[in-house]
Amino acid sequence: MKRESSFLQISFKGYIHGNSYIHRLDARAKIFISTIIIAASLLTGNPVSLIILIVFELALISISGIKYSYIFSPIPPLLPFLFIAVLFRLFTHPQLEANSTFIDTIWKWKIFIITENSLIGTLILLFRFFVIFILFTLFSATTRLEDFTKGIERIVKPLQKVGIPAHEFSMVISIAIGFFHILVNEMNRIIKAQVSRGAEFETGRFQLVKKVKKLSPLIVPLFSFSLEHSKHLVEAMESRCYRGGKGRTYFTMTKYSARDYISMIISIVVISLSIIIVKFVNPEEIKKYFFDLF
Amino acid sequence: MGKFIEVKNLTYFYNRGTINEVQALKNVNIYVNRGETVGIVGPSGSGKSTLLQHFNGLLLQQNGDVLIDGVSISDYSNIKDVRRRVGLLFQNPEDQIFERYVGDEIAYALFNFGYSKEDARERVRELLNKVGYDFEFKNRLTKELSGGEKRIVSFLSVIAYKPELLVLDEPTVGLDNFYRQKILNLINEWAYNGNSVIMVSHNMNEVSKTCDRIYLLNNGRVVAQGKTEKVLMKTTLLLDSGLTPPDFIMLISSLKQRGIRIKDDIYSEEDLVNYMVDQIPRVKGISL
């Protein structure tokens with residue numbers, strides 16, 4: 001039987017209730033840890049550092065009590081895009097412009113060439129993707145949107161002195177993220193309304209053009225809905241006298257605890273180690289070990 | 001009168017395999033005969049809407065089976081064939097309407113099922129006339145319709161392609177008396193023409209007047225089933241499930257509590273009125 005599996009299962013991994021160590025961390029501590037992990041993954045050019053970061057994140061998932069299957073469940077729809085990115089990285093050679101000779105060619109067919117550098121570059125791309133993907137999913141699964149908003153607001157607050165509106169900034173971020181959930185739900189609603197009356201969305205796995213064409217009847221209602229919804233949101237805020245950040249108080253206030261300081265210190269140590277450790281290992285040895293595997 | 005649709009041992013979990021796993025349906029067995037109107041009643045969160053979405057394949061069975069004319073819907077080569085036979089009206093009309101104009105909304109399914117432009121136009125005209133609207137109503141913007149008009153339009157958009165089974169998720173909830181009556185008339189007319197109907201409702205007065213049989217769902221299980229009049233007499237069970245029995249049954253119950261003897265085989269408002277009219281001469285010693 002034809003099923004609309006991929007279309008009817010558009011989902012966004014939101015917050016999961018829990019009381020784990022990770023859940024109880026202050027949102028600011030989580031934002032700090034996430035920022036340094038992302039910075040480390042972008043700055044390092046070594047796959048070993050990235051593997052250490054992935055292992056560290058897997059340990060965090062384990063502590064959070066969230067199932068690995070849940071964290072990785074959004075991966076399948078992303079695979080075609082990942083595949084295209086991998087192909088591009090594998091067969092494009094920035095070093096060609098700098099150096100016209102291939103010293104480290106592994107495989108060659110007509111214009112398609114794979115070099116050691118492009119292979120390692122591809123691995124770095126993949127590992128980086130997983131570092132950021134796992135981090136994002138774990139963060140959203142263990143942090144409430146309102147905690148995240150408050151965290152951002154308090155981080156940005158010192159910048160108010162130089163004229164940056166901290167409250168409005170965090171409000172914009174939270175509405176943007178909240179809207180993503182709403183749009184996904186709305187898209188699922190429209191898909192259900194259309195398929196229940198005979199619309200067909202299913203196409204072959206790699207028929208991207210067809211897929212995009214079939215999605216087009218969704219775009220107009222979705223766009224019109226988002227405008228309508230933002231109008232309602234503004235009216236709802238105005239009717240309750242929203243006046244921005246000035247003079248606004250909060251029902252609950254967050255405070256840093258020992259748990260947050262300990263977690264940030266452990267993260268700094270692990271992330272620094274992941275970068276420093278490779279300085280003590282001969283890159284040629286890593287390369288040799290890696291290629292011996294194949 | 002054979003079974004048109006049959007649900008066998010249906011079980012369904014939301015977020016299966018995650019820590020948010022919720023079991024919405026537990027071993028549910030129901031069937032609907034051809035030409036029959038069946039009510040599914042139960043409190044909010046009892047699994048009614050989940051069950052309805054299995055009838056036209058919006059949700060696919062995890063355990064158990066859904067059979068149409070004895071053929072499992074998983075054996076259909078194209079789910080579109082199932083949807084052609086089973087029309088689903090969503091709980092809120094806002095959930096169903098997505099086109100800009102009324103005419104496009106009503107004709108949406110017709111084009112999916114291969115109607116020509118002329119045929120679709122004629123069908124839209126016929127349907128709008130049926131509910132007393134002018135053909136020009138097709139040019140109205142859907143977002144400018146009132147709640148009642150939206151419900152009528154979404155109802156027409158489902159019956160437009162003449163499905164054999166009409167599945168209605170609380171079709172009259174939130175409507176004023178005018179539109180409620182209009183929708184109920186459409187349902188009765190649909191059923192009168194030999195079509196099958198499944199109707200979810202919290203309003204036991206409507207169920208008592210519309211449905212031949214009832215299934216009472218609670219916590220994802222069928223806790224009572226049978227002829228409408230028999231199930232609605234189980235007042236304690238209904239009240240325990242958060243449902244209010246029909247007014248005439250509540251009246252009988254109140255009268256009985258005050259010591260007035262009333263015979264047991266009263267199954268409708270009309271029966272009760274006739275019985276009471278019969279009793280008045282005896283009580284007052286007068287003749288009507």
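Reader: In which strand of chain A is A:I114 found?

Author: This is a predicted model, in which local features need pLDDT of at least 70 and side-chain atom pairs count only at pLDDT 80 or more, while totals for chains, interfaces and linings use all residues. Residues are numbered from 1 along each chain as its sequence is written, and chains are lettered from A and ligands numbered from 1 in the order in which they are written. Helices (H or I, at least four residues) and strands (E, at least two) are DSSP runs numbered from the N terminus, and the strand that holds A:I114, at residues 112-115 of chain A, is β2.

Reader: Is A:I114 buried, partly exposed or exposed?

Author: A residue is called buried if 20 or more other C-beta atoms, placed from the backbone, lie within 10 Å of its own, exposed if 12 or fewer do, and partly exposed in between. Because A:I114 has 17 other C-beta atoms within 10 Å, this residue is partly exposed.

Reader: Leaving aside neighbours within four places in sequence, with which residues is A:I114 in contact?

Author: Contact requires that the C-beta atoms of two residues, placed from the backbone, lie within 7 Å. With neighbours within four places in sequence left aside, the partners of A:I114 are A:L90, A:I106, A:W107 and A:L119.

Reader: Which residues touch the most other members of the largest nonpolar core?

Author: A nonpolar core is a set of buried Ala, Val, Leu, Ile, Met, Phe, Trp, Tyr and Cys residues joined through C-beta atoms within 7 Å. The largest such core has 79 residues, and those touching the most other members are B:A160, B:V167, B:L168 and B:I198.

Reader: Why is helix α1 of chain B largely enclosed by the rest of the structure?

Author: The buried residues of α1(B) include B:K48, B:L51 and B:F55. Helix α1 of chain B, at residues 48-55, is largely enclosed because the number of its eight residues that are buried is seven.

Reader: Which element gives the largest share of the side of chain B that touches chain A?

Author: The contact takes 25 residues from chain B and 18 residues from chain A. On the chain B side, the elements giving two or more residues are α2 (79-85) and α3 (102-112), and the largest share, four residues, comes from α2(B).

Reader: Which helix has the lowest mean pLDDT among the elements of chain A?

Author: The predictor's confidence in each residue is given by pLDDT, from 0 to 100, and its mean over chain A is 81. Where pLDDT is low, the predicted coordinates should not be read in detail. Among the elements of chain A, the lowest mean pLDDT, 44, belongs to helix α1 (residues 5-8).
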